[in-house]
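The following exercises concern one chain and its contact with a partner. Each task is followed by a solution in steps.

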Amino acid sequence: MSLRSPLGRVLGSGSANDGTEHWWAQRVTTVALLILGLWFLISLLQLDNYAHATVSAWLGHPFSGVMMLLLCLTIAWHSYLGVQVVLEDYVHGPLIKVVSLLISRFAHAFLAIAAVLAILKVSLGGSL
Amino acid sequence: MSNEGRPLSPHLSVYRWPITMTLSILHRMTGVALSIGFIALVVWLEAVALGASSYASLSVWMSSGIGQLLLLGWCFSFFFHLSNGVRHLFWDAGRGFEKSQANASSWMVLVATFVLTAAYWLVLGGML
């Protein structure tokens, strides 16, 4: 006889309070990054040179802007999930584990927002 | 609740080191390297947004020996993590679990990584 409530079974959450979200988000971002990452590397190859004017003109194009926003946000998400697993596996002290996970979360949020702001600045207003 | 002195299940040291283990740890190491690379990507985007002079100073740094070595390392990490990520997606689909298949796909990932890294680096440098 199972002591789990029907609601608990439907939610699919074990004692860790989440189900397959972590695993699934890693897979979804993997597929997204396959497309976005290759797009980024191919775009870099297609630039005539890497002077500021060339790069900012490319980044200022609406399509590049959208793709770069998607790329950076997806990297931040995927990287957060991956670093989280590494920290959980290799950092053992209970306090240092929580602190390092917090630092990783804050750092990823910071980098994601910094990237968004930089891309938007080039997209909307150009450089100073 | 002390865990000390309890028997442990056989760990890494009891196995002859197979190629699949090398790829497993390389996947994590390249993942962490790419997370650090994300910081560099954000710095690059910031430099573009800040303007030509900031971008020029970053360009000087990026074309230095250490800068080029880091970029090559991130290039290698990207193609390894990408190739091995595709291998993981095949596993997620329930394919390629036989020992011989896992060994064969290990070598395929390594060959793909070196070919893609070399090809990208040469095309980027205008040598191909």
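**Exercise 1.** What percentage of the 128 residues in chain B do buried residues make up?

*Solution.* The structure is a predicted model, in which local features need pLDDT of at least 70, side-chain atom pairs count only at pLDDT 80 or more, and totals for chains, interfaces and linings use all residues. Residues are numbered from 1 along each chain as its sequence is written, while chains are lettered from A and ligands numbered from 1 in the order in which they are written.

Step 1. A residue is buried if 20 or more other C-beta atoms, placed from the backbone, lie within 10 Å of its own.
Step 2. By this criterion, 22% of the 128 residues in chain B are buried.

**Exercise 2.** State the helices and strands of chain B and the overall dimensions of the chain.

*Solution.*
Step 1. Helices (H or I, at least four residues) and strands (E, at least two) are DSSP runs; chain B has 4 helices and 0 strands.
Step 2. The radius of gyration, taken over C-alpha atoms, is 20 Å for chain B, whereas a compact globule of 128 residues would have one near 14 Å. The globule rule is 2.2 Å times the number of residues to the power 0.38.
Step 3. The C-alpha trace of chain B spans about 60 × 45 × 30 Å along its principal axes.

**Exercise 3.** Describe the contact between chains A and B.

*Solution.*
Step 1. Two residues are in contact if their C-beta atoms, placed from the backbone, lie within 7 Å. Chain B gives 25 residues to the contact and chain A gives 25 residues.
Step 2. On the side of chain B that touches chain A, α1(B) provides the largest share, 12 residues.

How values were computed: A residue is buried if 20 or more other C-beta atoms lie within 10 Å of its own, exposed if 12 or fewer, and partly exposed in between; C-beta atoms are placed from the backbone.
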